[in-house]
Amino acid sequence: MIEPPDRARFRSDTVVFVGCLLLATGMMFVPPARTERVASGIRNSVLLPIVWLQQRAAEAKTSRARLTLIQAQRDSIALLAQTMPALREENDRLRQLLELGQRTPLDFVPAEILHQVSPTDGLTLLLSVGTADGVEAFQPVVSPEGLLGVVSTADRHTSIVTTWAHPEFRASALTEGGGVFGIVAPAAETSALLELRGVPYRDTIPAGTLVLTSGLGGVYPKGIPVGRVMGVVRELSGWERTYQVRPAANPAQAAHALVLKSPAGSSMEEAFPAEGSQEP
Amino acid sequence: MTEPSRSKLALVLLLLLVMQFYVRPRMWDADVAPDFVMLALMVFAMRARPGAAAAAGFLTGLMMDSLGPGRFGAAALANTMVGYMASYGRAVFFADNLLVHAGFIGVGVWVRDVVVLLASGAAGQSLLWQLLVWSPLQGLTTAIAGMVLLVVFRDWLAIRLDA
């Protein structure tokens, strides 16, 4: 019996629909390392003209709309820079007195943030720079206001940043003045705030205190502003407190970022030799 | 679909792609700006069979997943569903009315956001805030952009619009 053409077409439409649904659902359960390779391949081939187009648009927007702001920032920095030689000299002298080594200079790569339309934009960001510009995974990403996140993967011309709003983000932090240490993580209830977890019960942090990266862990250098303390959000009786922190930088609003490059010779691989390579 | 009307549709879709990746980043706030890729998908779905609309949804979703991976596959899943339902729904339910088309586009954006957010594991206040404030606003701006597009290109898209 021959089927009417409409029914046959309806069936083929349904087959295509179900096939696409299964493929999309399957992709969600593939390990992120593999899907990132696929995404990187697509970005560097089919989507290369689109990334290029968006990069030009972001540059044009930055150069046009933010010119006044950048001029104001440049003037403030120029004023600040006038006091720098004296401070540097004083710092070097004090370091010599304390027998400390020279401070490691930070190098950086400026990047445009290519925002996407997805509702999850802000948890991860696409940057306009990649390995060709010296960007590598685990390099910190900052804006003039403070910490944005860390590079999770980098391909030749673009890189993906895991921002502080991402559920998997963690950073070691301390309060201004170096008094209290804790771990910064996104707030459980809302992705717009952060939490400073693991603060010893004996320590109290007043609202408004600035939270900075501690430099522990080898990913984020010490002193990048993370946010300001708003208040206690919960307590584990007699053991530790968790504070709510208002983030210094907003990934969803940022247009321009700096990727901080690891200083040469700062690799920690030598501290953890592979098994079998150790001398007896 | 005839050959000339296919090329006109392709031109409109290309224009929307340029709007999304060149004009949109220069002009609007990202949270509420019209989503021209979604608009392109809805316009295509209005003209195509459900199977082709689902495949187009899958490809546009894959593109969005590659550009900003929250959870890879979430946008592909959402756009496949929206593309199929838009094409099927238009053939079965919807009248040729400009406001109905606009509402149709707005709801498509909102449904896409619901599926992407749930598939990405979003929860709590941020999920509610996104679904009740930002997504409806983006649906509204996309619907308005869709109305302008349909009025300007109504002959090219061969879509009948009763007042």
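Predicted model: local features only at pLDDT ≥ 70, side-chain atom pairs only at ≥ 80, totals over all residues.

Student: Where does A:Phe138 sit?

Tutor: A:Phe138 belongs to the loop between strand 2 and strand 3 (140–143) of chain A.

Student: And what is its phi like?

Tutor: The phi of A:Phe138 is near 70°, which is positive although the residue is not a glycine. Most residues other than glycine have a negative phi.

Student: OK, zooming out. What secondary structure does chain A have?

Tutor: Chain A has five helices and twelve strands. Of its 280 residues, 33% count as buried. Among contacts in chain A with a separation of 6 or more, 58% are between residues 24 or more positions apart.

Student: How are the strands put together, then?

Tutor: One is an open sheet of six strands in the order 1-12-3-4-5-2 of chain A, with antiparallel pairing. Its edge strands are strand 1 (107–112) and strand 2 (124–127) of chain A, each pairing on one side only. From one strand to the next, the twist averages 35°.

Student: How many bridges hold strand 2 of chain A to strand 5 of chain A?

Tutor: Four bridges, in the antiparallel sense, with strand 5 of chain A covering residues 159–163. Within that strand, A:Ser159 stands opposite A:Leu127.

Student: And the other sheet?

Tutor: That one is a barrel: six strands of chain A close up in the order 6-7-8-11-10-9, with antiparallel pairing. Neighbouring strands there are turned against each other by 45° on average, direction ignored.

Student: Which residue is the bridge partner of A:Thr175 in strand 9 of chain A?

Tutor: That is A:Val211. Strand 6 (residues 171–175) of chain A runs antiparallel to strand 9 of chain A, and three bridges join them. Three bridges also link strand 9 (residues 210–213) of chain A to strand 10 (residues 225–236) of chain A, again antiparallel. There, A:Val211 stands opposite A:Gly227 of strand 10 of chain A.

Student: What about strand 10 and strand 11 of chain A, how many bridges do they share?

Tutor: Eight bridges join strand 10 of chain A to strand 11 (residues 240–247) of chain A, and the two run antiparallel. For instance, A:Val229 has A:Val245 of strand 11 of chain A as its bridge partner. These two strands form a hairpin with three residues between them, and A:Gly238 has a positive phi near 75° in that hairpin.

Student: Switching to chain B now. How do helix 4 and helix 5 of chain B cross?

Tutor: The axes of helix 4 (residues 74–92) of chain B and helix 5 (residues 98–119) of chain B come within 8 Å, crossing at roughly 150°. Since angles over 145 degrees count as roughly antiparallel, that is how helix 4 of chain B is placed relative to helix 5 of chain B. The crossing is right-handed.

Student: Which residues make that contact?

Tutor: Helix 4 of chain B contributes residues including B:Leu77, B:Met81 and B:Val82, and helix 5 of chain B contributes, among them, B:Phe104, B:Val111 and B:Arg112. By class, the contact has twelve nonpolar, two polar and one charged residues.

Student: One more residue: is B:Ala145 buried or exposed?

Tutor: B:Ala145 is buried, because 21 other C-beta atoms lie within 10 Å and the cut-off for buried is 20 or more. The residue lies in helix 6 of chain B. Setting aside neighbours within four places in sequence, B:Ala145 is in contact with B:Pro34, B:Phe36 and B:Leu39.

Student: Last topic: how many residues does each chain bring to the contact between chain A and chain B?

Tutor: Chain B brings 42 residues and chain A brings 41. On the chain B side, helix 1 (3–27), helix 3 (50–67), helix 4, helix 5 and helix 6 (124–152) of chain B each supply at least two residues. Helix 3 of chain B gives the largest share of that side, eleven residues. The chain B side divides into 22 nonpolar, 13 polar and seven charged residues.

Methods
Residues numbered from 1 in each chain as written. Chains lettered and ligands numbered in written order. Pairing = 2+ DSSP bridges. Axes fitted to C-alpha atoms, helices over the stretch in contact; angles between N-to-C directions. Parallel < 35°, antiparallel > 145°, perpendicular 65-115°, else oblique. Left-handed = near helix turned anticlockwise from the far one by under 90°. Contact = placed C-beta atoms within 7 Å. Nonpolar A, V, L, I, M, F, W, Y, C, P; charged D, E, K, R; others polar. Buried ≥ 20, exposed ≤ 12 C-beta atoms within 10 Å, placed from the backbone.
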